[in-house]
Amino acid sequence: MVDSTMKTSNQALEKERHKQSAISILASSLLPIFSIFSAIMLHSLSTMAVPSTLSRLNFLPKPSLFTALTTFRRNQFPRKCSFATSCRASERDGELVVLGIETSCDDTAAAVVRSNGEILSQVVSSQADLLVKYGGVAPKMAEEAHSQVIDQVVQDALDKAYMTEKDLTAVAVTIGPGLSLCLRVGVQKARRIAGAFNLPIIGIHHMEAHALVARLIEKDLQFPFMALLISGGHNLLILARDLGQYIQLGTTIDDAIGEAYDKTAKWLQLDMRRSGGPAIEELAREGNAESVNFSIPMKQHKDCNFSYAGLKTQVRLAIESKKIDAKIPISSASYEDRLSRADIAASFQRVAVLHLEERCERAIQWALKMEPSIRYLVVSGGVASNQYVRAQLDMVVKKNGLQLICPPPQLCTDNGVMIAWTGIEHFRMGRYDPPPPADEPEDFVYDLRPRWPLGEEYAEGKSEARSLRTARVHPSLTSIIQASLQK
C-alpha cells in the first residue's frame with residue numbers, strides 16, 4: 001500500500017517536471033517571435049513620429065528594423081564560416097565588410113574593404129581608349145562604357161575578395177558630384193545588389209571620399225585636417241573639422257587643373273592613354289620651365305579659389321606662336337618641334353602648380369586661425385599622383401609647419417576603395433539607408449547629385465569672379481548632416 005502511494009506520488013512529480021520543462025521550452029521558442037514583434041512595433045512608431053526627409057543619405061539615430069531583424073537572424077541561426085570568409089563581417093567581432101562602387105566620370109571601379117582597413121579587392125576598368133578617341137570625356141559614350149562593364153567589374157571585386165554578396169555588411173556608391181548619366185549606372189547596380197540581398201546602402205560624396213581615403217592609409221590622421229582635392233573636374237580646398245563637417249576654403253570658378261592638363265596634352269598631341277597629367281609631366285622633364293612666360297592666374301584675387309581657363313588660353317596662343325603642327329603626334333615630331341612642345345609643357349606645369357601653391361599657402365593661414373591644432377594637409381585626387389605637384393606642395397606645407405599626406409597613386413585616381421572606406425566611416429555613425437525594394441522598376445528616378453557641394457563656403461573665401469558658379473542643385477553634405485543632428 002505504501003509502495004503504491006509512493007509510486008503514484010513520484011509519477012505526479014514527474015508529470016509536473018515534464019509540464020514545467022514544456023512551458024520553459026515553449027517560452028524560449030516564443031521569445032524570438034516577441035523580439036521581432038517588438039522591433040516591428042518600435043520601428044512603426046518611430047516611422048510615424050519622425051518621417052524621413054532625406055533620400056539616399058538618411059541619418060538614423062537608432063538601429064533600424066533591418067538591423068534588429070538581421071541581429072535576430074544571426075543570433076538564432078549562426079552559419080559556419082568557410083575558408084576565406086563566408087559569414088557576414090559583422091558576425092566577427094563587429095567587423096564590417098563594404099562593397100564600394102564608383103562611376104562618377106570615366107572609370108568603372110569597385111572594391112571590397114574591411115573596417116580594419118584591409119583592402120580585400122580593387123578593380124578598375126579604364127576608358128582610356130575613349131579618352132584618346134574623343135580627346136576627353138564624352139558623357140554618353142562614358143555611360144555606355146560603364147553599362148557594358150559594371151556587372152563584370154563588381155563580380156571581379158567580389159571574386160578577388162573570395163566573397164559573395166551574402167558576405168557583405170553594406171553597399172556604398174557614389175551619388176555625386178559627377179556626370180548624371182555615369183552616376184546612374186553605379187547607383188542602379190548598387191541598389192540592385194542591396195535590394196536583392198537585403199543590405200543597407202550608403203550614398204557617398206565623391207570628393208569626401210578622396211579626402212577620407214587618406215585616413216585608411218594614415219592611421220594617425222585625425223580630425224581636424226586640411227585637404228586639397230585636385231582632379232579633372234574639381235579643385236577644392238577644405239577644412240575637415242569632423243566626419244561630414246567641412247568648410248570650403250576655395251574651389252574652382254571655371255576649369256580645374258586636371259582639365260587644363262588634359263587640354264594642353266591634347267593640343268600638344270601627346271599620348272592620352274594615361275590621361276594628360278602623366279603625359280605632360282613626362283614631357284616637361286625635357287623642357288625649360290622658364291622659356292614661356294605664362295602669367296599666374298588670379299594674382300589680383302586674395303582668396304583661395306582657382307581658375308585655369310585663362311592659362312589654357314595662354315597655352316593655345318603659345319602653341320600657335322611657335323607654329324607647332326598640332327596634327328603631328330609627339331612620336332613623329334622633329335627634334336626642334338619636340339623641344340618646343342617640351343618647353344610649353346614645362347612652363348605650363350610650373351605656372352599651373354604655382355597657382356596651387358599660392359592658394360594652399362593662404363588657405364593654411366585661414367585654417368590655422370579656425371583650428372590651431374591642424375597638423376596635416378591631405379592632397380588627393382587624380383592630379384595628386386603627379387610627382388612634381390607633390391614635391392612642390394610638400395615644400396609649401398613644411399614651410400608652414402604641417403605634414404603632407406598623399407595616398408598612393410592608385411588611390412588618388414577614382415577608385416572603389418575610397419568609396420567603400422567612406423561608406424564604412426559613415427556606417428559606423430549610423431548614416432545609411434535601409435535596403436531598397438528588391439523589385440525596383442527600371443524607370444525608377446534615382447537621387448543623383450551631379451552638382452553637390454561638400455562643405456559650407458568660408459566667408460572670407462567668397463569669390464567676386466564673374467565665372468563663379470553659384471547655382472546649387474543640392475544642399476551641401478555638411479548642411480544635410482547638421483540639419484539631421486539638430487533634429
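Strands S8 and S11 pair in the parallel sense over 2 bridges. Two strands count as paired if DSSP finds at least two bridges between them, and strands themselves are DSSP runs of E with at least two residues, numbered from the N terminus, while helices are runs of H or I with at least four residues. Within this pair, glutamine 248 has glutamate 457 in S11 as its bridge partner. The structure is a predicted model, in which local features need pLDDT of at least 70 and side-chain atom pairs count only at pLDDT 80 or more, while totals for chains, interfaces and linings use all residues. Residues are numbered from 1 along each chain as its sequence is written, and side-chain values use heavy atoms, with hydrogens and water left out.

**The chain as a whole**

The protein chain has 14 helices and 11 strands. Of its 487 residues, 51% count as buried, where buried means under 20% relative accessible area, exposed means over 50%, and partly exposed lies in between (1.4 Å probe, protein chains only).

**The six-stranded sheet**

S8 and S11 belong to an open sheet of 6 strands in the order S10-S9-S6-S7-S8-S11, with mixed pairing. Its edge strands, each pairing on one side only, are S10 (403–405) and S11 (456–457). Strands of a sheet pair through backbone hydrogen bonds, either parallel or antiparallel.

S7 and S8 are paired in the antiparallel sense over 6 bridges, and leucine 237 stands opposite glycine 250 in S8. The hairpin of these two strands has 2 residues between them, and glycine 244 takes a positive phi there, near 85 degrees. Because 6 of the 7 residues of S8 are buried, this strand is largely enclosed by the rest of the structure.

Elsewhere in the sheet, S6 and S9 (residues 376–380) pair in the parallel sense over 4 bridges. Leucine 228 has valine 379 in S9 as its bridge partner. Helix H11 packs on the sheet and touches S6, S9 and S10, its direction making about 150 degrees with that of S10. Helix H6 (residues 206–217) lies across S6, S7, S8 (245–251), S9 and S10, and runs at about 125 degrees to S6. Axes are lines fitted to C-alpha atoms, for helices over the stretch in contact, and angles run from 0 to 180 degrees between N-to-C directions.

**The five-stranded sheet**

A further open sheet has 5 strands in the order S3-S2-S1-S4-S5, again with mixed pairing. Its edge strands are S3 (119–126) and S5 (201–205), each of which pairs on one side only. Neighbouring strands of this sheet are turned by 20 degrees against each other on average, direction ignored. S1 (residues 97–102) and S4 (residues 170–176) run parallel and are joined by 4 bridges, with alanine 172 in S4 as the bridge partner of glycine 100. Helix H5 (residues 180–196) packs on the sheet, touching S1, S4 and S5, and its direction makes about 160 degrees with that of S4.

| Strand pair | Sense | Bridges |
|---|---|---|
| S8 and S11 | parallel | 2 bridges |
| S7 and S8 | antiparallel | 6 bridges |
| S6 and S9 | parallel | 4 bridges |
| S1 and S4 | parallel | 4 bridges |

In helix H7 (residues 257–267), the buried residues are Ile257, Gly258, Ala260, Tyr261, Thr264 and Ala265. They lie on the same side of H7 because they cover an arc of only 160 degrees around the axis, the arc being that of the directions from the helix axis to the C-beta atoms. These buried residues pack against S6 (225–230), S7 (235–242), H8 (276–284), H9 (309–321), H10 (335–370) and H11 (387–399). Glutamine 269, whose phi is positive, near 55 degrees, follows H7.

The axes of H7 and H8 come within 8 Å and cross at roughly 65 degrees. In this contact, Tyr261, Asp262, Thr264 and Ala265 of H7 meet Gly276, Gly277 and Ile280 of H8.

**Serine 231**

Serine 231 is placed in the loop between S6 and S7 and is buried, with a relative accessible area of 9%. Not counting residues up to four places away in sequence, serine 231 touches Ala256, Ile257, Gly258, Glu259, Gly382 and Val383. Serine 231 and valine 383 are 152 residues apart in sequence and 5.2 Å apart in space, C-alpha to C-alpha.

Technical notes
Contact = heavy atoms within 4.5 Å.
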